[in-house]
Amino acid sequence: MSKIKIQKKSPHIDMTPMVDLFALLLTFFMLTSTFRPQEPAVIDTPSSISEKQAPDKEILNISIDKEGKVYFNLDNGPDTTTKFREKVLEKMAEQYKLKFTPKQYETFSKLSAFGMPVQILNQWIDKKDPTRRDEFQKQLKEAKKDGIPTDSADNQLAWWILLTRQVDQNIQVGIKADMETDYKAVKKILDILQDKKVNKFNLTTNLEKVEVKIEN
Amino acid sequence: MAEIIENSSGKGSGGGKRKPKKYSAAIDMTPMVDLMCLLITFFMLTTAFSKPKVMEIVLPDKTIDTNIKPMPIDKNRAVTIIMAENDIIYYYEGLAKADSLPSLIKTDYSKDGIRKFLLKRNKPLLEQIIAFKEKITKGELVLPRDSVNSELKKLRNKDKVGPIILIKAADNIKYKNFVDIIDEMAITNIARYAIVDLNHLELKMLETAPK
């Protein structure tokens with residue numbers, strides 16, 4: 001009797017298609033994902049039922065932290081050629097008779113939110129890396145010199161808003177304030193915006209589902 | 001990445017009949033798959049949640065046009081909500097007059113607080129909205145999303161009996177309170193509300209308000 005030979009089968013499954021698919025998905029997600037931009041202050045937003053998504057282009061963001069300090073941010077517009085940030089800074093420099101170098105303009109266009117008077121903005125731009133900029137912002141906070149000035153004597157925020165709207169007429173305004181911020185501080189910012197003829201605001205909130213029923 | 005299946009007939013390895021030792025050319029891809037799985041999950045979760053949500057509010061233009069008279073508010077529809085310190089809400093129905101100050105009712109931002117009252121007041125409109133939404137979920141009415149919203153807007157504009165809410169803020173309230181009350185308006189589908197300042201009568205009423 002001859003021995004029956006069992007055909008040897010490899011226990012391996014061919015994972016190639018799976019790996020292919022995964023690689024594809026991974027590339028897709030890596031390319032499409034947008035990471036959260038750096039925030040100058042920790043802001044814990046309140047929640048609402050609104051499901052509207054924040055616009056990711058052409059938005060002027062005003063952040064208000066717990067102490068009522070104001071931070072300002074805007075994007076570069078629909079594409080990189082529009083250079084809104086540079087244009088706004090140019091106008092701002094003209095307004096406050098300041099000088100920025102071309103390199104500073106270029107660096108500024110790549111940065112995000114800031115909260116300081118425009119007179120010391122060049123110091124912040126000149127910092128070598130994001131960590132040093134954060135440190136600079138923190139030092140200002142300790143010295144209580146942070147935030148965009150909003151008082152009537154030198155209302156820089158009003159100028160930032162006005163000049164931004166001159167550069168881009170379609171810009172939308174987003175307001176991000178902390179839950180614990182005093183309403184008066186927020187109201188003041190809303191008033192400044194309304195003086196500049198901005199009547200529509202996007203308040204950043206967290207999504208929270210609520211079910212309602214009518215009781216009889 | 002493809003798996004190469006080695007040819008079992010060992011031709012071309014010289015003239016001898018000695019078979020070359022077979023090595024599997026397949027690489028174990030499990031760790032790679034593991035890693036990719038992990039990365040995909042990470043990217044999927046971060047992308048989905050990183051887009052913030054916004055609540056849109058539109059405030060009336062501040063430039064006063066003398067040609068337009070302010071709309072008179074029906075006494076029976078007026079409801080004034082006053083947001084006060086420590087997450088307290090006071091409200092009263094009707095309008096305040098110097099000779100007969102209405103008493104303030106104290107409530108809060110919870111589910112059984114102001115929401116219950118607003119739902120009760122806004123019942124006629126809410127019933128219409130719920131009936132309309134039901135029609136859509138049951139498929140009796142097929143509409144694109146945009147026209148659903150405009151239909152809802154129409155329903156709100158047609159509303160003639162629902163409350164007109166005047167939202168007022170006392171001192172020392174937090175931004176959270178403001179967002180909460182606007183949100184409450186959205187939850188209870190209030191058709192008309194406005195954010196206004198406190199008048200002197202209400203300041204007086206607040207002094208004697210229940211703490």
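The contact is formed on the α2(B) side by Leu119(B), Lys120(B) and Arg121(B), and on the α3(B) side by Lys123(B), Pro124(B) and Leu126(B). By residue class, the contact of α2(B) with α3(B) contains three nonpolar and three charged residues, and no polar ones.

Of the 211 residues of chain B, 35% count as buried. When contacts in chain B between residues at least 6 apart in sequence are considered, 65% of them join residues at least 24 apart.

In chain A, helix α3 spans residues 102–110 and includes Pro102(A). The buried residues of α3(A) are Gln104(A), Tyr105(A), Phe108(A) and Ser109(A); viewed down the helix axis, they fall within an arc of 140° and therefore line one face of α3(A). Packing of these buried residues takes place against three helices of chain A, namely α2 (84–95), α4 (121–126) and α6 (156–167). The face of α3(A) that is turned away from the buried side carries the exposed residues Pro102(A), Lys103(A) and Lys110(A). For Pro102(A), the relative accessible area is 67%, and the residue is therefore classed as exposed, the cut-off for this class being over 50%. The C-alpha atom of Pro102(A) is separated by 9.5 Å from that of Glu86(A), a residue 16 positions away along the chain.

As to confidence, the predictor assigns the complex an ipTM of 0.75 and a pTM of 0.74. Chain B averages a pLDDT of 78, with 87% of the residues scoring at least 70. Over residues 8–14 of chain B, however, the pLDDT is below 50, and this stretch has four contacts in the model beyond near neighbours in sequence. Where pLDDT is low, the predicted coordinates should not be read in detail.

Conventions:
Residues numbered from 1 in each chain as written. Chains lettered and ligands numbered in written order. Predicted model: local features only at pLDDT ≥ 70, side-chain atom pairs only at ≥ 80, totals over all residues. Heavy atoms only, no water. pLDDT = per-residue confidence, 0-100. Contact = heavy atoms within 4.5 Å. Helix = DSSP H or I, 4+ residues; strand = E, 2+ residues; numbered from the N terminus. Nonpolar A, V, L, I, M, F, W, Y, C, P; charged D, E, K, R; others polar. Buried < 20%, exposed > 50% of the residue type's maximum accessible area, 1.4 Å probe, protein only. Arc of directions from axis to C-beta.
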